[in-house]
Amino acid sequence: FTRSPFFHGAAEQSSSLMDSTREMLRQQLGTLIVIAHKTFYNFLKHTETRHPTLQWLSNCLQDNAGKNQLLNEIQRAFSQFNASDGFFLNTSWLVAKLCQPFANSESKKLFQIDSRYCSSPLRRL
């Protein structure tokens, strides 16, 4: 068990201080998530930045395709080319957030999705 330099002495802190710290972190993370969503949404909304954004996301996924094959921490330590778990957790959240308008089964936007996209040679992801 390695102590984090960021939370030194956390075990000795009062419950109320820990609760307020946790709430502050949640608020800061919430702000970051809103900014990331707006940024990606704007990139995807405009035709001149849509393709480069999708290409970047596609490259991230392709370059890390072998990440799930890493068996242990030793192999992970030597794999400097894979993104962190946190990166993919945040990316997954971002993609899910971008899909929200299509997630409602009653949404008219649902019918704008091309179900053949994944098998199309024009797909980016």
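Tutor: Helices are DSSP runs of H or I with at least four residues, numbered from the N terminus. The model is predicted, so that local features need pLDDT of at least 70 and side-chain atom pairs count only at pLDDT 80 or more, while totals for chains, interfaces and linings use all residues. Residues are numbered from 1 along each chain as its sequence is written, and side-chain values use heavy atoms, with hydrogens and water left out.

Student: Which residues of helix 4 are buried?
Tutor: Helix 1 (15-45) and helix 2 (47-63) are among the elements that cover them. With buried meaning under 20% relative accessible area (1.4 Å probe, protein chains only), the buried residues of helix 4 are F88, T91, L94 and L98.

Student: Is C60 buried or exposed?
Tutor: C60 lies in helix 2 and, not counting residues up to four places away in sequence, touches F87 and F88 (heavy atoms within 4.5 Å). From C60 to T91 the C-alpha distance is 9.9 Å, although the two are 31 residues apart in sequence. Because its relative accessibility is 14%, C60 counts as buried.

How values were computed
Buried < 20%, exposed > 50% of the residue type's maximum accessible area, 1.4 Å probe, protein only. Helix = DSSP H or I, 4+ residues; strand = E, 2+ residues; numbered from the N terminus.
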